[in-house]
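Please open the model in your viewer and keep the selection tool at hand. The tour goes from stop to stop, saying what to select and what is there.

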Amino acid sequence: MRENNKRLLSVITLILLALMGLFLFLGGAWLLFLGGSWFYVLAGGVMLGAAFISLRKPALATGLYAALLLVATVWALFEVGFHIWGLEVRLFTLMGVGLWLLLPAVWRSTDDWFDDKRPILAALAISCVALVISGFIPYSINGTVPADRMAAQGQPDTAGTGISDGDWTAYGRTVGGDRYSPLAQITPANIGKLRRAWLTRTGDVRQGGEGTAAGPDQGHEFNLEVTPIKVGDTLYMCTPHSWVVAMDAATGKIKWKFDPHPDTADLAKNVYVACRGVSYYRIPDEIQTSCRTRIYSPVADVRIVALDAQTGRPCDDFGDHGFISLREYLGHVPHGFHFVTSPPLVAKNRLITGGWIFDNQANFEPSGAVRGFDATTGEIAWAWDAGHQPETWKPGPNDELTRDTPNAWGVYTADPDLGLVYIPTGNAPPDNWGGTRRPFDDATSSATIALDIVTGERRWTYQTVHHDLWDMDIPSGPSMVDLPGPDGTVIPALVQSTKRGEFFVLDRRTGETVPGYPVEERRVPTAGAAPDDHVSPTQPFPVAMPTLTPPDLKERDMWGATLLDQMICRIQYRQSAYEGQFTPPHVGQTTIVYPAFYGIVDWQGITIDPQRKIMLANASYLPFRIRLERRQKLEEPGTLPKWNGQGEEPAAKGDALSVSPDYGTPYVAFTDAWLNPLQIPCKGPIWGTLTAIDLITHRIVWQHPVGTTRDTGPFRTHNNLPLPTGMYNIGGNIVIKGGVVFMAATADDYLRAFDLATGKVLWRDRLPAGGQATPMTYEIGGRQYVLIAAGGHGGLDTRSGDYIIAYTLDGTQNGGTAQ
């Protein structure tokens, strides 16, 4: 029986090694032919040799495999040094086979197990030592905010805002978007006492076909991205299906709900079923109205509703009994081609909004114009339309705004004292081919644009990407901060974050760079662009500010769960067009896009502590790939139906990610997140970070990986070891005067609290669903609360739900459902 087992294990070992060896040898030969690493063909050849030698000369096979493991360790150290994740993917597969070879019945030539296994044991020990040493190498930037800056002596908290310290009256607390609260009851010293105070479920949950793993490809992401606002004793928020909800801030008890009943045809075709927030405004006393305090909320069928903040009833003197339609002045708008996910900006009796235009469907899509409405009546006051002369005008009932202009879908910010609203723009559709863009499209895309709040006149423009072919639109309005000038004066500044991970510091009065924060034009790749398009030879780079932009990818950066799928990623890298950031999309060849359009810093924007002059940004790192194909290849055989923009888009339309039909252009684009066959990213950790940047010294104070792999595994599974890789994140962070930063955006479903001084995690709580939203904080009854919406995100495939959770010091640990 023992001999039979020995023979069986020997056969299993031979088959295992032979299959792995053959895969690595053939794939390695292909990789070598493409100009890649020699190691994989060598590893495959040694495995094949050891497998067949093992039947007759097990001692020689043992020595061969031990030598391979030693060579692999030296090679791995040469490629990535003592980087734990780089060593892990290179060595774990081979070490796993080595552990198998330690079984007593495998590859025996003597009766002495130790003598037979000595070569493997020695090789495994050396590999283990390398891994152990790498485990002690930090992947953080460790630093501390100086004590005098943490004290922030003499700095006003709410000067000029007119906001109570205990309120959170706009998406970013103020319309300036700094996401800072002057509350200080919660501190690093007492954060351990933070407990759930209450938990409320809104009742708006994911419907069939929404937000599943296949959701993005089918065009139905269900995302609870909301940051509630707090005014007085009430919280106000919206839900993905456009409900508006008011809750008691102390108990979470629902005061009222309003369902605007959006058109189901729009909901069925909207790529994103989401709402990030609502806006509060008090109509000035000199204006007659029966609805003085209002909540404005976007509706999924391209409307805005104004509700009485006290009762939740529509304000009858606003638009059509409380509603205005944003389809007006846009001409033909197919269902799903235009909707609003961000709260409107409301100031100076103006309601200002744009909206999301369905990316990459055509070059004859609806206008991306920004519109300003009378906040009391809902009547249009102005439209900023880049393609019209004059560009700011008031359209009449039969007028149509210029089609296919850059849109602005993120949260807008403003400086009411200057009378300016800051618009973050995207591109004229489609994003990935610009051959038919007009001069005014190129001049106003991927830019921060300052408009007069009352009149809509453009005051200045600052562009962050020229002739954008990578969907590097600006997804969030800038954050306001006052900075010291070189002559001792105070400069009213703003910081504009970008998907690239760059930060532009501008004078918010003029749009010019602030002294000491210069920007320079640098040459970027231009070869390989579509022949009927062009590429800007340079792009702007802020040279004084730290950047979160990752280094250009190298073949050695490729990753996977095993050595085998890592090799596939290396082959794909060598097959792709890639010369670094801004490599233009190629026709007929896959192009790597990194940073990619999911952003290094996406719609969450940044947080600024205005007292300490510290900026906080959480970042994600995931490459994408794109390939342009000529339209005839798909339309002539009928794979893609033709469309001229009349009526609804064909049923076999594209979606936001994988297929971009780009009707009206010569090309169709194929886009995907760069994952290998195991659905593991081809770019290895670190995948998510939280960084503190000193706006005075222009240096990174600290930077740490944030999030673990607990809820993300191979094949999009939701159970995994909680490896500290840093994790993809969608949603922002906030900072409080007490010196604590809160964030829940990572894909491992935790709300975390960080020490502002050092960035170290002080506290965390496991959420019942994904927390892909930005938290907020407020005070009521003498207690400070921290609140997070936990409802999951279809794009990250986190757990879905409808939870609103509030925390206080010494709150009830288990919380409770407050309906």
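The stops below take in cavities and then pairs of packed helices.

This is a predicted model, in which local features need pLDDT of at least 70 and side-chain atom pairs count only at pLDDT 80 or more, while totals for chains, interfaces and linings use all residues. Residues are numbered from 1 along each chain as its sequence is written, and side-chain values use heavy atoms, with hydrogens and water left out.

**Cavities**

Begin with Tyr272, Asp359, Lys499, Phe597 and Tyr598, which lie nearest the centre of the largest cavity, among the 33 residues that line it. A cavity here is a set of points, on a 1 Å grid over the protein atoms alone, where a 1.4 Å probe fits but cannot get out, and lining residues have an atom within 4 Å of a point. The volume of this largest cavity is about 490 Å³, where a volume is the space filled by probe spheres set on the points, joined across faces, edges and corners. Next select β3 (221–223), β8 (272–274) and β32 (624–630), the elements that give two or more residues to its lining; β32 gives the most, with three residues. Strands (E, at least two residues) and helices (H or I, at least four) are DSSP runs, numbered from the N terminus. The lining of the largest cavity has 16 nonpolar, seven polar and ten charged residues, counting Ala, Val, Leu, Ile, Met, Phe, Trp, Tyr, Cys and Pro as nonpolar, Asp, Glu, Lys and Arg as charged, and the others, Gly among them, as polar.

For the second largest cavity, of about 60 Å³, select lining residues including Trp470, Met472, Arg500, Tyr578 and Phe582. Its lining has eight nonpolar, three polar and one charged residues.

**Helix pairs**

Now select α2 (residues 39–53) and α3 (residues 58–80), whose axes come within 8 Å and cross at roughly 165°. Axes are lines fitted to C-alpha atoms over the stretch in contact, with angles running from 0 to 180 degrees between N-to-C directions. α2 and α3 are therefore roughly antiparallel, the word used for angles over 145 degrees. Their contact (heavy atoms within 4.5 Å) includes Phe39, Val46 and Ile53 of α2 and Leu60, Leu68 and Trp75 of α3, and it has 17 nonpolar, no polar and no charged residues.

Finish at α4 (residues 84–101) and α10 (residues 563–575), which pack at about 140° with their axes 8 Å apart. Show Val89, Arg90, Thr93 and Leu94 of α4 against Leu563, Leu564, Gln566 and Arg570 of α10, which make the contact.

Notes. On a 1 Å grid over the protein atoms alone, a cavity is a set of points where a 1.4 Å probe fits but cannot get out, and a pocket is an open set with protein on both sides within 12 Å along at least five of seven lines; lining residues have an atom within 4 Å of a point. Angles under 35 degrees count as roughly parallel, over 145 as roughly antiparallel, 65 to 115 as roughly perpendicular and the rest as oblique.
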